[in-house]
Amino acid sequence: MSDSADRLVLYADYVCPFCYLGTRSLERYRESREEPLEVDWRPFDLRRGKRTPDGSIDHGVDDGKDEEYFEQAKRNVRRLQEEYGVEMTQELAIEVDSLPAQQASWYVKREYPAQWAAFDDAVYEALWIDERDIGDPDVLVDIAEGVDVPSDDIRDALADDELRTELEEEFDASRRRGISGVPAFVADGRLARGAVPPARLEKLFAGAGAGDASR
C-alpha cells in the first residue's frame with residue numbers, strides 16, 4: 001500500500017526519547033482530526049552502528065556523541081515535555097537495548113494487530129515512565145500479558161531467528177528509503193523529522209513543507 005492522505009508511516013525506536021514525545025504529539029493530532037488516521041509503524045535501530053556480530057551493543061564505539069550532545073538532548077527533551085504536557089521520569093536511556101522490544105513489537109504487529117497500538121504504548125511507558133528495562137524478556141512478557149497477548153508467544157518470538165532476520169531486513173529497508181534518524185513521519189511521500197508538534201503534522205497532510213523538528 002502506498003502512502004496516502006489518511007495513512008502515516010512512522011519510523012521509530014523505543015530508546016529514542018524524541019520518538020516517545022513524537023508519538024504523544026501524534027496522538028494529539030489524531031484526536032484533532034475528523035477522519036481516522038492509519039499509522040503504520042516501522043522499526044529503526046539507533047544502536048546499529050554499535051551492535052556487535054552477536055547482537056550485543058559495544059558502548060565503547062565512538063559515534064560522535066559527546067557530553068555536550070547529550071546535555072543538549074536533555075534540554076530539548078525537557079522543553080518538549082513541557083510543550084506537549086508529557087510525563088517522563090528519565091530523559092535519556094543510553095544503556096538500554098531496544099532490539100528485543102522491537103522484535104516483540106514486530107511480532108505483535110503481525111500476529112495480533114488489534115493489540116499492537118496498546119502494546120506499543122505500553123513499551124514506551126515502561127521505559128520512559130516506569131524506567132523498566134525493555135531489553136529484558138520478562139518485562140516484555142509482562143507488557144504483553146497486560147494487552148492480552150500470550151506470554152509464551154512473546155517468548156517464542158524473542159527466540160525466533162527468522163523473525164530476527166525479518167526485523168533486520170526492515171532496518172535495512174528503512175535506511176534504503178532514506179531514513180537516517182527517528183522519529184520520522186511520512187505521509188504521501190512527504191517527510192517530517194523529529195518530535196514535531198501536532199500543527200506540523202497537520203501541515204504534512206496538507207502538503208506543506210515539513211523539515212526537522214526539535215533536535
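In this predicted model, Asp148 sits in the loop that links H5 and H6. Although Asp148 is not a glycine, its phi is positive, at about 65°.

The axes of H5 (residues 137-146) and H6 (residues 151-158) come within 9 Å and cross at roughly 140°. With angles over 145 degrees counted as roughly antiparallel, H5 and H6 are therefore oblique to each other. Their crossing is right-handed. On the H5 side, the contact is made by Pro137, Asp138, Leu140, Val141, Ala144 and Glu145, which meet Ser151, Ile154, Arg155 and Leu158 of H6. Sorted by class, this contact holds six nonpolar residues, three charged residues and one polar residue.

Another loop, between helix H7 (161-176) and strand E3 (184-187), holds Pro183. The peptide bond leading from Val182 into Pro183 is cis, and its omega is near 0°.

Turning to the strands, E1 (residues 7-12) and E2 (residues 38-43) run parallel and are joined by six bridges. Within this pairing, Leu10 stands opposite Trp41 of E2. Together with helix H1 (residues 17-32), E1 and E2 form a β-α-β unit, and this unit is right-handed.

Technical notes. Residues numbered from 1 in each chain as written. Predicted model: local features only at pLDDT ≥ 70, side-chain atom pairs only at ≥ 80, totals over all residues. Heavy atoms only, no water. Axes fitted to C-alpha atoms, helices over the stretch in contact; angles between N-to-C directions. Helix = DSSP H or I, 4+ residues; strand = E, 2+ residues; numbered from the N terminus. Parallel < 35°, antiparallel > 145°, perpendicular 65-115°, else oblique. Left-handed = near helix turned anticlockwise from the far one by under 90°. Contact = heavy atoms within 4.5 Å. Nonpolar A, V, L, I, M, F, W, Y, C, P; charged D, E, K, R; others polar. Pairing = 2+ DSSP bridges. Right-handed = clockwise from strand over helix to strand, strands pointing away.
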